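Colleague: Before I plan around this model, could we go through the overall fold and then the ligand site together?

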Amino acid sequence: MSALKEEEIFLKKIEEETKIEPKDWMPEAYRKTNIRQISQHAHSEIVGTLPEGNWIGRAPSLKRKLILLAKIQDEAGHGLYLYSACETLGITREETINDLHSGKAKYASIFNYPTLTWADIGAIGWLVDGAAIMNQVMLTRTSYGPYARAMVKICKEESFHQRQGFESLLVLSKGTTEQQQMCQDAINRWWWPALMMFGPKDSESTNSDQSMKWKIKRKSNDELRQNFVDMIAEQIKFLGMKLPDDKLKWNNKKKQYDWGEINWEEFWNVIKGNGPCNFERVAARKKAWENGEWVRQAAVAHSNKSKTK
Ligand code: FAQ
């Protein structure tokens, strides 16, 4: 079949909402965009376990420790589904991981911030997982089949994560003055970085136009960010806390919140590798990869042995 005809079939599938599957013909740029986004998403899930992992040994009770462990395990599992979805596009897991280690592939900017107190764990669940879900619910309808199906499972787990984060902050917000201050301080530090998770403003988003045409993305960065502000501005009322934004105000005409300006210089700086923990995060992943070498070798040796039996 001619390439032109193949492209026509591909575009028709996109238009008719038929998922694109691994063995279907697809434009090279579509394949590359999906590899870029899915692998970066996978890296984010894995690197995202590091700031939370910092608190496993210091959780305030056995119950909180078990919840945190379960959440971190879920996030690592999300990384694995996503690496598998990415492999269906013809790239090996090793290649994608090398791209993370070499700095070629990005991961979510949010995970380059430190977790200074226990309240940060609640704030991550509520705000970071909350922002992640806002984006990922849209991705359950993304046009590439394996990515969309991975997202359905991931979203179910992420909603539990968000609820547990909120509940954990709710307990602190009803606690001692010191606990309340800790809760407010965590919200102050995580709010703006959480808004940055949605990416640059639409006018500066290099990939959005094409990704929207291919229905990889269904909503723009700014649209999702606004939805997130509208949701959190209501939820925070139940905590009796404040978002660190003097400009946050309900706009009755627009039926949405008006709010302040993100520090875009900070966003681009973190993405370029100059955030508070970028070096530490990538170094931790490289060390884990090196330390896991013997496990990978043993697994391959075992599978080769099974094949010869
Ligand atoms: N951080 O043209 P756009 C989670 C890059 S999972 C770093 O708008 P696009 C779960 C972007 O890659 C969180 N880089 O890009 C969890 C591009 O550079 P490139 C992760 C960013 O792809 C919770 C350039 O800027 N979620 O949290 C960021 O159309 C708790 C221009 O941007 C996903 O990955 C950023 N925030 O839209 C785990 C969702 N924003 O690649 C543990 C899937 C932008 O051309 C604990 N990804 N960049 O070199 C997406 O939906 C999209 O990729 C966006 C960016 C929306 C992130």
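Colleague: What share of the accessible surface of the protein belongs to carbon and sulfur atoms?

Modeller: Please keep in mind that this is a predicted model. The accessible surface of the protein comes to about 16100 Å², and the part of it that belongs to carbon and sulfur atoms is 56%.

Colleague: How many helices and strands are there in the protein, and what is its radius of gyration?

Modeller: The protein contains 13 helices and two strands. For 309 residues the globule rule gives 19 Å, and the value for this protein is close to that, so it is as compact as a globular protein of that length, with a radius of gyration of 21 Å.

Colleague: Which residues are the closest to the ligand?

Modeller: The ligand is surrounded by 35 residues, and this shell divides into 13 nonpolar, 13 polar and nine charged residues. Helices H2, H4, H6, H7 and H11 each supply at least two residues of the shell. The closest residues are Arg-36, Lys-106, Ser-205, Asn-207 and Lys-217.

Colleague: Which polar atoms lie by the ligand's nitrogen and oxygen atoms, and how much of the ligand's accessible area does the protein cover?

Modeller: A polar side-chain atom of Arg-36 lies 2.8 Å from a ligand oxygen atom, while a backbone N or O atom of Ser-109 lies 2.8 Å from a ligand nitrogen atom. A polar backbone atom of Met-197 is 3.4 Å from a nitrogen atom of the ligand. On its own the ligand has 1100 Å² of accessible area, and the share that the protein covers is 91%.

Notes: Residues are numbered from 1 along each chain as its sequence is written. This is a predicted model: local features need pLDDT of at least 70, side-chain atom pairs count only at pLDDT 80 or more; totals for chains, interfaces and linings use all residues. Side-chain values use heavy atoms; hydrogens and water are left out. A residue is near a molecule or strand if one of its heavy atoms lies within 4 Å of it. A polar contact is a pair of N or O atoms within 3.5 Å; within protein, one must be able to donate a hydrogen and the other to accept it, and residues adjacent in sequence count only if both atoms are side-chain atoms. Accessible areas come from the Shrake-Rupley method with a 1.4 Å probe; for residues, only the protein chains shown count as cover. Helices (H or I, at least four residues) and strands (E, at least two) are DSSP runs, numbered from the N terminus. Ala, Val, Leu, Ile, Met, Phe, Trp, Tyr, Cys and Pro count as nonpolar, Asp, Glu, Lys and Arg as charged, and the others, Gly among them, as polar. The radius of gyration is taken over C-alpha atoms; the globule rule is 2.2 Å times the number of residues to the power 0.38.
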